[in-house]
Amino acid sequence: MLAIVQEFQSVIKWRELLWQMTSREIKARYKQSILGYFWVILNPLAQMLVMSFAFSVILRIPTNSASHIPYTLFLYTALLPWNLFSTSVTSSAMSLVNSAPLIRKIYFPRSILVISTIIAKLIDFAFALTVLIIFFIFFKIPITLNLLWVIPILLTQLIFTLGLSLFFAAANLIYRDIQYLLALIISLWFYITPIVYPADIVPNRFKFIFQLNPMSVFVNAYRQTVLGGKSPDLFSLFIALIVSFITLSVGLLYFKQRENTFADIV
Amino acid sequence: MKTPLPTLFNMNNTVIKFTNLTKKFSLQKQKTFKEFLPALFLGEQTKNNFIALDNISFKVKSGETLGIIGPNGSGKSTILKLIAGVTAPTKGKVYVNGRISPLIELGAGFHPELTARENIFLNGAILGLSQKEIENNFNSIVKFSELEEFIDQPIKFFSSGMYMRLGFSVAIHTHPDILIIDEILAVGDPNFQQKCFQKMEEFKKNGVTILYVSHDLDTVIKFCSRCLLISHSKLIADGSPIQICQQYLKEKTNPSF
């Protein structure tokens with residue numbers, strides 16, 4: 001816990017660099033491309049359309065039991081936060097390796113490279129969110145006070161994301177196998193998280209997997225609050241919060257232990 | 001720019017101190033799981049130890065200009081990395097006091113897709129400058145680099161000389177207490193080199209401590225006030241540049257050196 005506070009303080013001290021690194025991340029990505037930042041919106045939109053066709057039209061997966069939510073919206077509400085999570089972790093895993101010349105030469109808190117990657121993805125997420133808001137208006141989804149739950153859920157998701165990102169970034173520096181392993185984990189993880197199907201069709205004997213998987217809890221909570229206008233399942237969310245903090249502690253500890261040797265092995 | 005008075009006052013302060021410092025690198029023999037797992041089961045050695053610096057001690061006083069010479073792979077750059085705080089010693093201690101500006105492998109902090117203007121801000125932040133400090137120095141940085149016409153071009157179109165000019169210009173505007181220069185003045189045209197040395201003379205006058213790593217012995221003799229000779233991870237000699245350079249030239253012909 002103390003380590004988390006200390007790291008947080010040193011990142012605050014270097015916030016100018018954090019800001020510059022984040023804007024480098026964003027500016028450099030779509031240089032020399034015509035559509036530029038529009039790709040951030042286009043990408044999940046195309047994903048959503050194809051998945052809706054496959055899972056709703058062909059496989060006819062139901063949305064939520066008693067509601068009339070269109071499948072596209074049902075899917076998109078879960079897909080966006082999932083994309084935020086998966087792109088953050090996979091890009092973070094590469095963040096240290098890609099900045100090898102910097103790490104070898106100049107001192108600064110290395111976690112800045114990971115945090116700036118996540119912030120850049122968060123900005124992408126915000127852009128992609130505009131489409132979701134247009135959907136909301138179009139489908140006349142009622143807006144309730146329960147929408148405010150999104151903020152603590154997203155924060156918990158970010159704690160979990162940061163923990164995993166720090167771990168994989170440091171591990172990938174030692175063994176490049178990690179990035180391939182991670183791609184595999186993420187693609188399987190997608191299917192054990194209720195993104196293309198609703199959580200309540202999961203058989204009871206498998207429910208525990210979904211209780212322990214924080215991403216499943218987050219995705220479900222977004223749907224309950226945003227689409228259902230209800231408050232989320234607080235017990236599950238509490239477990240997810242604890243799991244997230246444990247993940248962050250372990251990730252940061254692993255990262256800090258190896259930080260001194262990054263320049264030697266990168 | 002710093003006023004010379006307080007630095008003169010601190011003239012006898014030690015700003016860098018290495019105490020019995022040893023640096024080992026453990027090189028992983030097997031880089032992938034495929035190679036690593038069988039080695040682990042068969043009980044083969046998985047790590048190779050390499051001693052980069054062997055029991056080195058020296059002090060640098062404020063305002064000194066220290067040249068570091070020696071053959072390739074002798075450990076010169078490792079010394080600079082330890083001073084920059086990028087890597088930690090295996091044994092012994094390193095003490096550094098002051099703001100460091102490393103001029104090692106210029107452009108390490110540059111992003112090729114970004115323009116020179118954007119890169120000045122990025123690189124400045126990496127060297128620990130605030131946005132405001134960079135804004136205040138921006139015109140001076142651009143002027144020194146002589147890249148006014150290319151300032152809004154992505155730097156992937158730059159030549160290595162232009163890279164170097166931009167990197168050097170940003171680094172000298174950080175108002176460092178300790179300036180680390182590693183072999184960088186080799187690129188760049190003679191005019192600009194001249195300008196860099198003028199700037200470094202100015203730094204010397206203002207009491208900035210300079211560490212200069214080079215294979216160009218003439219400049220070491222001309223520019224430095226003291227010199228270290230490193231060979232095979234050991235500190236061989238420490239003294240006046242002329243003496244040390246002569247010793248280096250003599251020993252270079254010795255095959256076991």
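Which helix of chain B holds B:Ser145? Select B:Ser145 and you'll land in helix α5 of chain B. Keep in mind as you go that this is a predicted model.

**Stop 1: around B:Ser145**

B:Ser145 counts as buried, at 0% relative accessibility. Show its surroundings, leaving out residues up to four places away in sequence, and you'll find it touching B:Arg165, B:Leu166, B:Ser169 and B:Phe192.

Now step along to B:Glu146, in the loop between α5 and α6 of chain B. B:Glu146 makes a salt bridge with B:Lys195, and the closest N and O atoms are 2.7 Å apart. B:Lys195 sits in helix α7 of chain B, so this pair ties together parts that are 49 residues apart in sequence. Both ends are partly exposed: B:Glu146 has a relative accessible area of 39%, and B:Lys195 comes in at 21%.

**Stop 2: along helix α7 of chain B**

Select residues 190–205 of chain B to bring up helix α7. Pick out B:Lys199 and B:Glu202, which form another salt bridge, with 3.5 Å between the closest N and O atoms. They are three residues apart in this helix, so about one helical turn separates them. B:Lys199 counts as buried at 15% relative accessibility, while B:Glu202 is partly exposed at 36%.

B:Glu201 is in this helix too, and it counts as partly exposed at 33% relative accessibility.

**Stop 3: an enclosed helix**

Next, select residues 116–126 of chain B, which make up helix α4. Is this helix enclosed or open? Of its 11 residues, 10 are buried, so it is largely enclosed by the rest of the structure. Among the buried ones are B:Phe121, B:Leu122 and B:Ile126.

To see what surrounds them, colour both chains. The buried residues of α4(B) pack against α2 (15–29) and α5 (100–105) of chain A, together with α5 (131–145) and α6 (160–172) of chain B. Just after α4(B), look for B:Gly128, which takes a positive phi of about 90°.

From here, hop to B:Pro154, in the loop between α5 and α6 of chain B. Its C-alpha atom is 13 Å from that of B:Leu122, which is 32 residues away along the chain. B:Pro154 counts as buried, at 18% relative accessibility. Setting aside neighbours within four places in sequence, B:Pro154 is in contact with B:Pro112, B:Glu113, B:Leu114 and B:Thr115.

Zoom out for a moment to take in the whole of chain B. It has nine helices and nine strands, and 51% of its 257 residues count as buried. It exposes about 12,400 Å², with carbon and sulfur atoms supplying 52% of that.

**Stop 4: two crossing helices in chain A**

Over to chain A. Select residues 2–13 for helix α1 and residues 234–259 for helix α11; they pack at an angle of about 65°, with their axes 10 Å apart. The crossing is left-handed. On the α1(A) side, A:Ala3, A:Ile4 and A:Glu7 meet A:Leu248, A:Ser249, A:Leu252 and A:Lys256 of α11(A).

**Stop 5: another salt bridge**

A search of the whole structure finds 15 salt bridges over all chains. For one in chain A, select A:Arg29 and A:Asp124, whose side chains meet at 2.8 Å, N to O. A:Arg29 lies in helix α2 and A:Asp124 in helix α6, so the pair ties together parts that are 95 residues apart in sequence. A:Arg29 counts as partly exposed at 27% relative accessibility, whereas A:Asp124 counts as buried at 10%.

**Stop 6: out on the surface**

Most residues other than glycine have a negative phi. A:Arg60 has a positive phi near 50°, in the loop between α3 (39–58) and α4 (71–98). A:Lys140 has a positive phi of about 55°, in the loop between α6 (111–139) and α7 (150–174). Both are exposed, A:Arg60 with a relative accessible area of 67% and A:Lys140 at 71%.

Finish by selecting A:Ile192, A:Phe206, A:Phe208, A:Ile209 and A:Leu212, a nonpolar patch on the surface with about 470 Å² of accessible area together. A:Phe208 is in helix α9 (residues 207–212) of chain A, and it is exposed, with a relative accessible area of 52%.

Technical notes: Residues numbered from 1 in each chain as written. Chains lettered and ligands numbered in written order. Predicted model: local features only at pLDDT ≥ 70, side-chain atom pairs only at ≥ 80, totals over all residues. Heavy atoms only, no water. Patch = residues over 30% accessible without salt bridge, like charges linked within 9 Å, V, L, I, M, F, W, Y side chains within 5 Å. Areas by Shrake-Rupley, 256 points an atom, 1.4 Å probe, with all protein chains shown as cover. Salt bridge = Lys/Arg side-chain N within 4 Å of Asp/Glu carboxyl O. Helix = DSSP H or I, 4+ residues; strand = E, 2+ residues; numbered from the N terminus. Buried < 20%, exposed > 50% of the residue type's maximum accessible area, 1.4 Å probe, protein only. Axes fitted to C-alpha atoms, helices over the stretch in contact; angles between N-to-C directions. Left-handed = near helix turned anticlockwise from the far one by under 90°. Contact = heavy atoms within 4.5 Å.
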